[in-house]
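Please look over the structure below. Questions and answers about its chain follow.

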Amino acid sequence: KTILPSGEVLEVDLEWLANLARGTEADAKAARLIPTFAPGVVPGAVVELRYETDAPTPPFPSYFDECPLAEPLPIQTLKFRLATPKAKAIRHEFLDLEAIPGLDPAAFVAESGNPFIDARTWTWQGVPALVPEPGQPIRGMPTPRLALTGYRSWDQFADWAGRLMRGTDEVTPDIERKARELTAGLATDEEKIRALYGYVSGLRYVALEIGANGWRPRFADSVLLQQYGDCKDKANLLVTLLRAVGLTARFALVRRAGPFTEALPGCHFNHAIMAVERPKGLLWLDPTDEVCPFGMLPPGDAGQRAFLFSGTAAEFHTVPAYHAGYDHRTRCAADLMLAADGRTARGQVRLTFAGLQDYEWRTRLRHLPPGEFRRALARHAREVWPGVTVEAVEWRAPRGLDEPLEATLTIGWPARD
């Protein structure tokens, strides 16, 4: 409901919302607004929203979930009721409460009278909005939340995950044949790793996460045959191809661009990567993104804790921010002609992107129409050099991940006092 500043209460048409959720309404755009829909909202109004999450039996050996306790909008009153079956030994823990002051985990009232249910209700007043710092990704923000788990240990999770994925990394004759074809004539291990990485990262990203396939990668030879896969399919295929040429590689799970705690075992993860064992340590690779060059990790992976598969035992490692020696400098070469007035100039600027800038612009080039990409480059130039006029934008799409993305802009340089 919406409570207007005048005190008038506007109720939501619950039948309309129910029909929308069942798909009987044709307006799909409106259906996406169900979680935040409220009628007649004006400045000073209060929106009251009540919902219940009923967690069915998950396709895992135990239960794990996280419930956020703050939103991008301020909350006047937050009531949170948790009811768990006593027989399931579900434990809970508050995480990242320091991000929002005033969320006291001891401010709850326990319920009694039901011998089968452990229930308690927390009530908090005046919860401020969760506001990101300038330029901070919202998904990477520390978010106050209540985490629930029924897992006794990480080893229990590792045992289940290992059994679920057993056999998916079998080196079949087709896998061995393709690995040898891709590494033919290559002398060093690094050359072989680079070649296999380039092949797998170039496969189409398609996610078919139905049932257990939300966690289990498809068999590596099936991914090879069908030439597509999601993050876990591609990571598992790369592990298998590397094993086919005699290298040791391991599958890993991370919580990409989000908070993670090892204190509470469970299914935190939303992304799969892999690591190759090298004499100097683990070489981390993420073949999911078709635009990520060898030697670099996507921003969501860098610095995260990774659950590395090692039999049935749990093993955690920190993914490095970037591989040592990788070039992150974006180069700029300008050829400008000074005008007769001695104050303005015109000419060309060639940008050669590297590092995160290269990753960002490759991603835009892949997903934006040419006109939008051209306008994005022009905006970038005006942000870097305030006052310039951009007359033309050209670029050369790289033929492979080893080639940099280059753009040439024809600009007019303004007069300066």
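**Reading the fold**

Q: What share of the contacts in the chain with a separation of 6 or more comes from residues 24 or more positions apart?
A: A contact means heavy atoms within 4.5 Å. Among contacts in the chain with a separation of 6 or more, residues 24 or more positions apart account for 67%.

Q: What kind of model is this, and how are its residues numbered?
A: Residues are numbered from 1 along each chain as its sequence is written, and side-chain values use heavy atoms, with hydrogens and water left out. Local features need pLDDT of at least 70 and side-chain atom pairs count only at pLDDT 80 or more, while totals for chains, interfaces and linings use all residues, as this is a predicted model.

Q: How many helices and strands does the chain have?
A: Helices (H or I, at least four residues) and strands (E, at least two) are DSSP runs, numbered from the N terminus. By that count the chain has nine helices and 20 strands.

Q: What percentage of the residues in the chain is buried?
A: Buried means under 20% relative accessible area, exposed over 50%, and partly exposed in between, with a 1.4 Å probe and protein chains only. The chain has 417 residues, and the buried ones make up 40%.

Q: In which order do the strands of the open sheet of three strands stand?
A: Two strands pair if DSSP finds at least two bridges between them. Here the pairing is antiparallel and the order is 5-8-7. Its edge strands, each pairing on one side only, are strand 5 (75–85) and strand 7 (108–110). Strand 7 and strand 8 (residues 117–127) pair over three bridges, so to restate the order of this open sheet, it is 5-8-7.

Q: Is Ala119 buried or exposed?
A: Ala119 is placed in strand 8. Leaving aside neighbours within four places in sequence, Ala119 is in contact with Arg81, Leu82, Ala83, Ala110 and Glu111. Because its relative accessibility is 3%, Ala119 counts as buried.

Q: Which strands stand at the edges of the open sheet of four strands?
A: This sheet has antiparallel pairing and the order 17-18-20-19. Each edge strand has a single partner strand, so one side of each is left without a neighbour in the sheet; the edges are strand 17 (331–338) and strand 19.

Q: How many bridges join strand 18 to strand 20?
A: Strand 18 (residues 345–352) and strand 20 (residues 406–413) run antiparallel. Within this pair, Gly347 stands opposite Ile411. The number of bridges that join strand 18 to strand 20 is eight.

Q: Which residue in strand 20 is the bridge partner of Val393?
A: Strand 19 (residues 389–396) and strand 20 pair in the antiparallel sense over seven bridges. Arg396 stands opposite Glu406 in strand 20. The bridge partner of Val393 in strand 20 is Leu409.

Q: Which helix do the buried residues of helix 8 pack against?
A: Helix 8 has 13 residues (355–367), which should span 18 Å at 1.5 Å a residue, and its end C-alpha atoms are 19 Å apart, which agrees. The expected span is 1.5 Å times one less than the number of residues. Gly355, Asp358, Tyr359, Trp361 and Arg362 are buried in helix 8. The buried residues of helix 8 pack against helix 9 (370–384).

Q: Which residues is His380 in contact with, leaving aside its neighbours within four places in sequence?
A: His380 is found in helix 9. At 19% relative accessibility, His380 counts as buried. Apart from neighbours within four places in sequence, its contacts are Leu351, Gln357 and Trp361.

Q: At roughly what angle do the axes of helix 4 and helix 7 cross?
A: Axes are lines fitted to C-alpha atoms, for helices over the stretch in contact, and angles run from 0 to 180 degrees between N-to-C directions. Angles under 35 degrees count as roughly parallel, over 145 as roughly antiparallel, 65 to 115 as roughly perpendicular and the rest as oblique. Helix 4 and helix 7 are therefore roughly perpendicular to each other. The axes of helix 4 (residues 173–182) and helix 7 (residues 231–244) come within 8 Å and cross at roughly 75°.
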